Amino acid sequence: MANSASGMAVDDECKLRFMELKAKRSHRFIVFKIEEKIQQVVVETLGEPQQSYDDFTASLPANECRYAVYDFDFTTDENVQKSKIFFVAWSPDTSKIRSKMLYASSRDRFRRELDGVQVELQATDPSEISLDIVKERAF
């Protein structure tokens with residue numbers, strides 16, 4: 001089903017992999033990209049459960065937009081283990097304007113496909129998705 005604003009469809013694998021991350025915790029993170037030729041959001045990278053937040057940020061290209069989800073584990077002040085799923089709209093300043101527009105216009109519809117995201121972040125450079133910011137938003 002395509003988004004009327006951007007004409008972007010969402011590959012079923014995106015929803016399937018997200019459900020695996022959410023329910024089975026079989027992925028630490030997922031990076032999604034828009035394949036312009038087929039007008040579809042597809043899975044680009046799957047992070048293994050043992051991979052770190054640094055592995056996640058390293059998987060985001062420096063000059064291209066992406067969507068991503070990250071399953072963030074943390075311990076509360078009361079010493080309770082918790083986890084929150086973050087949605088990241090990665091749109092670096094150095095990416096092409098056309099790409100930024102395409103990702104911006106498709107974002108809301110794609111985000112709605114991922115039922116269970118608890119925190120959303122918009123980032124244009126690595127400092128905006130630093131581990132400190134993620135920790136701050138998790139609590």
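User: Where is the place of R25?
Analyst: This is a predicted model, where local features need pLDDT of at least 70, side-chain atom pairs count only at pLDDT 80 or more, and totals for chains, interfaces and linings use all residues. Residues are numbered from 1 along each chain as its sequence is written, and side-chain values use heavy atoms, without hydrogens and water. Helices (H or I, at least four residues) and strands (E, at least two) are DSSP runs, numbered from the N terminus. R25 sits in the loop between α1 (12–24) and β2.

User: Is R25 buried, partly exposed or exposed?
Analyst: Phi of R25 is near 55°, positive although the residue is not glycine. Buried means under 20% relative accessible area, exposed over 50%, and partly exposed in between (1.4 Å probe, protein chains only). At a relative accessible area of 37%, R25 is partly exposed.

User: What is phi of Q39 near?
Analyst: Q39 lies in the loop between β2 and β3 (40–47). Its relative accessibility is 30%, so Q39 counts as partly exposed. Q39 is a residue other than glycine, yet its phi is positive, near 55°.

User: Which element gives the most to the lining of the largest pocket?
Analyst: A pocket is an open set of points on a 1 Å grid over the protein atoms alone, where a 1.4 Å probe fits, with protein on both sides within 12 Å along at least five of seven lines; lining residues have an atom within 4 Å of a point. The lining has 14 residues, with E36, E64, R66, S99 and Y103 nearest the pocket centre. Two or more residues come from each of β2 (29–35) and α3 (97–113). The top contributor, with four residues, is α3.
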